[in-house]
Amino acid sequence: MSRRVVARASEVAPGTCKIVTARGREIGLFNIGGEYFALSNRCPHKGAELCRGMIVGLVGSDGPGEYHLSREGEFIRCPWHGWEYDIRTGQSWCDPTSVRARQFQVTVEPGSNLLKGPYVVETYLVSVEEDYLVINI
Amino acid sequence: MNVAVRHATAAQRLKVVDCDIHPVYRTTAELHPFMAAHWREHMATFGPHFRHGLTGQLPFPRMMAAGMRVDSFPQDGPPGSDLDLMRKQHLDANGVECGMLIALSRGGMEERNLEFGAALSSAINDWQLECWVRKEPRLRAAIVVPQENAEFAVAEIERRAGDPAFVQIMISPRSSDPLGHRRYWPIYAAAERCGKPLALHVAGYSGGHPSTGSGWPTYYIQEHYAMSTGMQNTLSSLVFEGVLERFPKLKIVMIEGGFAWLPALCWRMDKHWERMRAETPHLKRRPSEYVREHFWFTTQPIEEPENPEHLADIMSWVGWDRLMFSTDYPHWDFDDPKQAFKFRLTEQQKAMIFRDNARAFYGLP
């Protein structure tokens with residue numbers, strides 16, 4: 001396990017996903033209203049590149065003919081079979097007890113901290129002025 | 001990139017014959033070189049004559065990406081229209097050594113104007129050859145026919161029968177009449193003569209009949225399920241009308257209609273036949289025996305029982321030699337060959353399902 005700098009925070013705008021590679025693994029970085037999350041880019045159902053799916057909310061219903069949308073922008077929907085995962089936890093919506101997308105812990109670090117180490121910087125020239133996303137992997 | 005490496009390794013391990021790949025044209029202009037001038041004019045002026053409204057739209061709106069894999073859109077055109085992307089994303093990545101093209105888009109199958117349907121079928125067949133099979137030797141075509149007119153259909157079959165690029169004859173199980181009816185028998189006779197199997201892929205609205213016995217479903221989720229019940233109706237029609245008694249060499253593959261229903265249907269048909277056989281005296285054997293001898297099934301979209309081993313039981317009841325792997329690329333319910341089976345297949349079962357059954361069925365070299 002090491003801590004790796006994987007992106008500038010500014011590269012992952014709210015409501016978007018950026019796919020990066022760290023230690024040979026593809027990881028999707030998400031920004032929900034300024035909070036950052038990271039999920040493995042592999043759907044645990046059938047292996048699709050999960051993070052290339054759509055970022056969606058949940059459609060719910062209290063009974064036939066009633067619809068409501070909740071938690072908009074908090075789920076990733078797999079590009080193949082449409083399984084939905086909670087971006088915050090990786091938990092599957094349709095099979096929450098046994099299926100979970102692998103999650104990585106993300107922190108936002110100012111460039112001034114990173115320059116002190118002991119981080120592994122793979123692709124970035126870190127500057128003092130910017131914030132960076134660091135994951136445990 | 002780790003994904004490319006992962007795919008290369010998988011491709012080396014598992015060789016696959018994929019029995020269901022959907023090619024699509026970018027625009028209908030791709031068909032123009034294969035159509036007479038007056039039919040091009042007709043297509044531009046009138047368009048298709050389908051039974052469902054909103055022609056050009058999906059009759060049942062789908063949850064995302066018009067029912068396609070979200071990651072399968074090329075830079076230009078719809079999913080399935082770019083051979084290079086298909087190679088990179090599917091044929092190479094999944095070790096597909098042979099892929100069966102199932103051209104669903106605007107062949108003659110659904111066209112009400114039968115002469116136009118014949119011209120479209122022929123154009124689609126030329127297009128499959130020139131734009132796909134000739135460019136990519138791993139692919140094989142299916143003869144698309146205007147099935148509602150047996151005379152035109154037979155003429156198209158005979159025109160293509162000598163070309164090994166065409167390995168089967170495709171007709172829609174959603175036909176105007178149940179496929180056992182005699183109006184379709186000349187097609188079966190032609191299939192038998194040229195030794196090519198019939199491919200029945202769930203698709204279309206050509207018959208104009210509701211997709212369920214109790215009327216049009218409301219939701220796509222119902223419509224999708226109705227494909228498996230529709231296949232049961234088609235299969236029982238072919239069995240009980242005596243098609244297989246009359247055409248003993250006919251081979252039929254049911255594509256994308258599921259297979260878990262088959263054992264129960266056979267048990268039921270056999271039981272009824274024992275008590276009611278006088279009504280269909282042309283059947284000389286139990287219905288299940290015709291099924292066992294004449295029908296094959298593709299695997300996608302594979303059933304996913306809570307206990308994966310239950311699927312192994314069902315496959316053994318259907319017959320390991322009767323199931324052929326398919327992906328449905330680039331549609332949303334694609335099955336990845338590395339992920340489709342959630343239980344351990346023996347090496348022999350794996351070889352049969354992924355490759356050998358299809359090679360024998362299609363007589364691949």
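## Helix packing, a sheet and a chain contact

The axes of helix α4 (residues 114-133) of chain B and helix α5 (residues 150-160) of chain B come within 10 Å and cross at roughly 20°. This is a predicted model, in which local features need pLDDT of at least 70, side-chain atom pairs count only at pLDDT 80 or more, and totals for chains, interfaces and linings use all residues. Residues are numbered from 1 along each chain as its sequence is written, while chains are lettered from A and ligands numbered from 1 in the order in which they are written.

Helices (H or I, at least four residues) and strands (E, at least two) are DSSP runs, numbered from the N terminus. Axes are lines fitted to C-alpha atoms, for helices over the stretch in contact, and angles run from 0 to 180 degrees between N-to-C directions.

The angle makes α4(B) roughly parallel to α5(B) (angles under 35 degrees count as roughly parallel, over 145 as roughly antiparallel, 65 to 115 as roughly perpendicular and the rest as oblique). From α4(B), the contact takes Leu114(B), Ala118(B), Ser121(B), Ser122(B) and Asn125(B), and from α5(B) it takes Phe152(B), Glu156(B) and Arg160(B). Two residues are in contact if their C-beta atoms, placed from the backbone, lie within 7 Å.

Helix α9 (residues 262-276) of chain B packs against helix α10 (residues 287-294) of chain B at an angle of about 140°, with the axes 7 Å apart. That makes α9(B) oblique to α10(B). Here Cys266(B), Met269(B), Asp270(B) and Trp273(B) of α9(B) meet Pro287(B), Ser288(B) and Val291(B) of α10(B).

The table gives the contacts by class. Ala, Val, Leu, Ile, Met, Phe, Trp, Tyr, Cys and Pro count as nonpolar, Asp, Glu, Lys and Arg as charged, and the others, Gly among them, as polar.

| α4(B) with α5(B) | three residues | three residues | two residues |

Chain A has an open sheet of three strands in the order β5-β6-β7, with antiparallel pairing. Two strands pair if DSSP finds at least two bridges between them. The edge strands, β5 (54-60) and β7 (84-86) of chain A, each pair on one side only. From one strand to the next, the twist averages 60°. Strand β6 (residues 68-77) of chain A pairs with β7(A) over three bridges, and Phe75(A) has Asp86(A) in β7(A) as its bridge partner.

The contact between the chains takes 15 residues from chain A and 14 residues from chain B. On the side of chain A that touches chain B, three residues are nonpolar, six polar and six charged.
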